[in-house]
Amino acid sequence: MSTEGPNPIALVEELFSKIIGPFTGTGVTPLLNEPDQIDDRVNLLLKTFDEHSALITPFRKLIKSLHAQEVDVPLEEQIRFFNTDQTRTWLMVNLFNQVLNLKELKLNEDTGRLPGRPEDMLKFAYQARAALGEEGRYKDYSYAAGLFFDFLFHVQRTAAINSVTKYDEPMAQAFIKACEQAKLIMHLARHKPKLSLEKLSAIAPFFRLAAQLSLYILRPTVAPEFYKKLAGMKLNEQMRMDLEMKTFGIHIGMISAYIAQSIPMFEPLGECMSVWGFPYLSWVKGRKDIHDLTAICELGVVINERALKSPDFPSPGVAGITLPELKNLEFNLSAEVKSEIKI
């Protein structure tokens, strides 16, 4: 499907130098785990301001313009006035732009204002959190996964990428698909006993599709047409990954693993994505936790992308009957489960 010979070493180097490295370099990862208590949230934000002190004065100017006072108040009170969520978003946009240097995100240091609403500049993070539950157990994980989509959205506009083509629409469509798959996996996970890493299960499709979008950005002459053709084939994961290997020298499971492992809160998910398509590799190593996470995530993705229906999983509905790679998954696609996920 490609006329170019794959060069996996060059691709991995570009992945780290142009996408993963810059994302890590923004310094946003400590902000991704939001503490439950307000005081702890404020302390985390104070620490971030202390580490990026150049942002304190613009922030103070912004708050003073919103709440004029005769005397200055401590930074802690200004954070509470603006509220911790808005403060975190304001910080993240500015931390992004310290690396990206885009006019679309540029801070007016005289007023502390950004060119638009911060929540619009991190729209995927907000939408992912809303889609999977604003206050549920997935909220930090979905926000972080959406934030990586936001980074891809902005990084494609940088001089380092220097791309004429922008993939705004493919990113929007991939994000919608990721949300659909995440919700499906959440339903499956609720019916899987002893799924110790259940809180990470909904995030796998986000990173899998973010990996595909990374290939769009890094291999614009090959990846869009490749995935356009692939979409209509309804192939199993192993065949898809084999074609990716032949085309790019690497598959999106590997790229997903690199992305996940660069974000501390997703380290177990990195192990999951490293055996994507072959979850039994974790099984034989005695890592049932990683096996079950990978297998339940893969089941949801495959049902969605191959449009599998109830008859594809005959009674007793064990997934491994239809999908041999999931033969070790102790999970019954019962009539109740099939009804809940609408297949």
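**Notebook: salt bridges, a glutamine and a surface patch**

I started with Arg219 and found its side chain meeting that of Glu14 in a salt bridge, 3.0 Å from N to O. For the term I use a side-chain nitrogen of Lys or Arg within 4 Å of a carboxyl oxygen of Asp or Glu. The pair links distant parts of the chain, 205 residues apart: Arg219 is in the loop between helix H10 (204–218) and helix H11 (223–231), and Glu14 is in helix H1 (residues 8–25). Helices here are DSSP runs (H or I, at least four residues), numbered from the N terminus. Arg219 counts as buried because its relative accessibility is 18%; buried means under 20% relative accessible area, exposed over 50%, partly exposed in between (1.4 Å probe, protein chains only).

Before going on, a note on what I'm looking at. This is a predicted model, where local features need pLDDT of at least 70 and side-chain atom pairs count only at pLDDT 80 or more, while totals for chains, interfaces and linings use all residues. Residues are numbered from 1 along each chain as its sequence is written, and side-chain values use heavy atoms, with hydrogens and water left out.

I got 21 salt bridges for the structure. One of them joins Glu34 to Lys139, with the closest N and O atoms 3.6 Å apart. Glu34 sits in the loop between H1 and helix H2 (38–51) and Lys139 in helix H8 (residues 139–155), so this pair ties together parts 105 residues apart in sequence. I checked burial too: both Glu34 and Lys139 are buried.

Next I looked at Glu119, whose side chain meets that of Arg117 in a salt bridge at 3.3 Å, N to O. Glu119 is partly exposed, at 23% relative accessible area. I also noted a salt-bridge network linking Lys177, Arg208, Glu237, Arg240 and Glu305.

**Gln238**

I found Gln238 in helix H12 (residues 237–248). What does the side chain of Gln238 reach at 2.5 Å? I see the backbone oxygen of Gly277 there. Leaving out residues up to four places away in sequence, Gln238 touches Gly277, Phe278, Glu298 and Glu325 (contact means heavy atoms within 4.5 Å).

**Trp283**

Last, I looked up Trp283 and placed it in helix H15 (residues 280–284). At 30% relative accessibility, Trp283 counts as partly exposed. Together with Tyr280, Leu281 and Val284, Trp283 forms a nonpolar patch on the surface, with about 360 Å² of accessible area for the four together. Patch residues have over 30% relative accessible area and no salt bridge, with nonpolar side chains (Val, Leu, Ile, Met, Phe, Trp, Tyr) joined within 5 Å and like charges within 9 Å. The areas come from the Shrake-Rupley method with a 1.4 Å probe; for residues, only the protein chains shown count as cover.

Definitions and conventions: Helix = DSSP H or I, 4+ residues; strand = E, 2+ residues; numbered from the N terminus. Polar contact = N/O pair within 3.5 Å; in protein donor to acceptor, adjacent residues only side chain to side chain.
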